[in-house]
Amino acid sequence: MNPKKILFITQEVTPYLPDTEIANICRKLPQGIQERGREIRIFMPRYGHVNERRNQLHEVIRLSGLNLIIDDTDHPLVIKVASIQSARMQVYFIDNEDYFHRKHIVSDDEGNEFEDNDERAIFYIRGVLETVKKLRWIPDLIHCHGWLSALAPIYLKRRYGNDPGFSRSKVVYSIYNDPFKIPLNKKLYSKMRQDGMSDRDLALIKQSTDFEAITSLAVKFADGVIQACPEISPEIADFIKTENKPFLPFQDFDGPYIDAYNDFYDYILSIKK
């Protein structure tokens, strides 16, 4: 079988951030998939506490310089890259002073979640997809990890669905037990309408922008869903069944989970659009 290109969009990767479930999986899984003959790319945000000097990040000038408009405001997109030498993998970083130079991922020192997490999610996803276009690297499958990537499926299917670089791409969403406590900004609906989404597309987040609603939106527009932790919300589990999505149940990370994920990719790629 010809190698397939797999794009990983994640909110965390070890060693650039402290160990978490998402960060560890998104360090080991891409390497394992690459070792099985796939071509991979990894993206994450360049948070303020990612040490650029220690991790040898450098800006990719040819990929930077684009401005993304969110809610009628321009935000410069800066792309940086670093290498995980032991795994022979590069990690691309989406950077922006307004959104990602804080010393925390989604909340401040006191645990208060950032009020603009909705815009940070939009900027991150659009930044990834615009950069992949510039790379002229067409992914066969896109695997999203963490709720900061939850808007990727709808953006892929609606804003970028007719783009030659993504028209045949499949998208898989991994669900983690990483809920945010406070619903995202209620203006998320109108901001996504400005990006070309219809009222019908956004029906799931019209009344609520809580974790269950945002995750359900990701499930609705994904081609496949993976349960990445032992337990998930019953509401989300019921929605997955209602949508009848191809589903991979939780895989013990002490077992051959990479092979299970790799096989699931093949199954999703075999489904005709």
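Which residue forms a salt bridge with Glu52, and how far apart are the closest N and O atoms?

Modeller: Glu52 forms a salt bridge with Arg46, and the closest N and O atoms are 3.1 Å apart. The model is a predicted one, in which local features need pLDDT of at least 70 and side-chain atom pairs count only at pLDDT 80 or more, while totals for chains, interfaces and linings use all residues. Residues are numbered from 1 along each chain as its sequence is written, and side-chain values use heavy atoms, with hydrogens and water left out.

A salt bridge here is a side-chain nitrogen of Lys or Arg within 4 Å of a carboxyl oxygen of Asp or Glu. That rule gives a count of 17 salt bridges. For exposure, buried means under 20% relative accessible area, exposed over 50%, and partly exposed in between (1.4 Å probe, protein chains only). In the pair you asked about, Glu52 is partly exposed at 24%, whereas Arg46 is buried at 7%.

Another salt bridge joins Asp195 and Arg126, at 3.4 Å from N to O. Asp195 lies in the loop between α6 (188-194) and α7 (211-221) and Arg126 in helix α4 (residues 117-135), so the pair ties together parts that are 69 residues apart in sequence. Helices (H or I, at least four residues) are DSSP runs numbered from the N terminus, as are strands (E, at least two). Asp195 and Arg126 are both buried.

Arg158 and Asp201 also meet in a salt bridge, with N and O 2.8 Å apart. This pair links distant parts of the chain, since Arg158 is in helix α5 (residues 152-159) and Asp201 in the loop between α6 and α7, 43 residues apart. Arg158 is partly exposed, with a relative accessibility of 41%, and Asp201 is buried, at 9%. Shared partners also join some bridges: Arg46, Glu52, Lys80 and Asp95 form one network.

Next come the aromatic rings. A pair of aromatic rings is described by the distance of the centres and the angle of the planes. Rings of Phe, Tyr and Trp (its six-membered ring) pair if their centres lie within 6.5 Å; planes under 30 degrees apart count as stacked, over 60 as edge-to-face and the rest as tilted. There are twelve aromatic pairs in the structure. Tyr99 and Phe123 have ring centres 5.4 Å apart and planes at 55°, so this pair is tilted. Tyr99 is in helix α3 (residues 97-100) and Phe123 in helix α4, so the pair connects parts 24 residues apart in sequence. Tyr99 and Phe123 are both buried.

The rings of Tyr257 and Tyr261 have centres 5.8 Å apart and planes at 85°, so that pair is edge-to-face. Tyr257 and Tyr261 are four residues apart in helix α9 (residues 257-270), which separates them by about one helical turn. Tyr257 is buried at 7% relative accessibility, and Tyr261 is buried at 1%. Elsewhere, Tyr47, Tyr99, Phe100 and Phe123 make up one aromatic cluster.

The charged end of Arg102 sits over the ring of Phe114, 4.7 Å from its centre; the rule asks for NZ of Lys or CZ of Arg within 6 Å of the ring centre and within 35 degrees of the ring normal.
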